[in-house]
Amino acid sequence: MNDRAEIDKLMDDHLLELHKYELSVEQKRTTNLLLVSFLFFVLGLIFLFMWRDRHRKNRYITLQKQLMDNRAETLSLNEQEICGEDKNNKLHELKEAKAGICISLFKSTEGYKRLDELQKAKPKERTKIIKNYRKLIIIDIKRTFVDVMEDLSGSCSSLTADDLLYCILILLHCPKEIVMDVMNVTSDAIKTRKSRIKNKMDKELFDDIFGD
């Protein structure tokens, strides 16, 4: 009976060790599978990031080329000594296309990301973050929309730098609250500026920008 009890104990110990071994092998297999899956996941993320970055760069290069072509065509038309409605209409189309290209280029900047974040933020949150965002937004706007600002200045030389910034924010369809935050002005100041710009511009250009 003692031998039988000893044999049973040895069998139980053996089965227990065998079960532990099987669990250890299964755990290692699971760990290796998770590790391999994680590595493939990381590689997938890296590949996706590289693809998106390449796509973004190609898009940026394409937009820059479109902008250069627009500049060349505008310059060529301006150098032509002919005058007429067709020429004016073509120049108007080129300016509108240029504005669209600049808007697309601006969407690839950090300034646009901050501007978009401001529009999604609640009023209290905007008050906290606008001081850190204002300078970057304005710098990226002035750098990206330099062609549009030159066109506006050429059509209306009396526009100030703040007038031009205000016009660009309107072209970007920024709400009044965002315009006030970015320009750091009051609602009354915005109304006064819009009225002053209206008096400076011809009606067609003003309507193109403000949609009145």
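Student: Why is K90 called partly exposed?

Tutor: K90 has a relative accessible area of 31%. Buried means under 20%, exposed over 50%, and partly exposed in between, with a 1.4 Å probe and protein chains only; so 31% makes K90 partly exposed. Keep in mind that this is a predicted model, where local features need pLDDT of at least 70, side-chain atom pairs count only at pLDDT 80 or more, and totals for chains, interfaces and linings use all residues. Residues are numbered from 1 along each chain as its sequence is written, and side-chain values use heavy atoms, leaving out hydrogens and water.

Student: What makes E73 and K90 a salt bridge?

Tutor: The term asks for a side-chain nitrogen of Lys or Arg within 4 Å of a carboxyl oxygen of Asp or Glu. For E73 and K90 the N to O value is 3.4 Å, so the pair qualifies. E73 lies in helix α1 and K90 in helix α2 (residues 85-106), so the bridge ties together parts 17 residues apart in sequence. Helices here are DSSP runs (H or I, at least four residues), numbered from the N terminus. E73, at 34%, is partly exposed too.

Student: How many salt bridges does this rule give?

Tutor: The count is 14. One of them joins D181 and R126, with the closest N and O atoms 2.8 Å apart. D181 is in helix α7 (residues 176-183) and R126 in helix α4 (residues 123-144), so this pair links parts 55 residues apart in sequence.

Student: Is R126 buried or exposed, and how do you know?

Tutor: R126 has 13% relative accessibility, so it counts as buried.

Student: And why is K203 called exposed?

Tutor: K203 reaches 63%, so it counts as exposed. K203 also forms a salt bridge with D207, at 2.7 Å between the closest N and O atoms. Both lie in helix α9 (residues 203-210), four residues apart, about one turn of the helix.

Student: Which residues touch the most other members of the largest nonpolar core?

Tutor: Of its 41 residues, I141, L152, M201 and I209 do. A nonpolar core is a set of buried Ala, Val, Leu, Ile, Met, Phe, Trp, Tyr and Cys residues joined through side-chain atoms within 4.5 Å. Helix α6 (residues 161-171) gives the most to this core, with eight residues.

Student: What does I209 touch?

Tutor: Leaving aside residues up to four places away in sequence, I209 touches L152, C167, I170, L171 and M201, where contact means heavy atoms within 4.5 Å.

Terms used. Helices (H or I, at least four residues) and strands (E, at least two) are DSSP runs, numbered from the N terminus.
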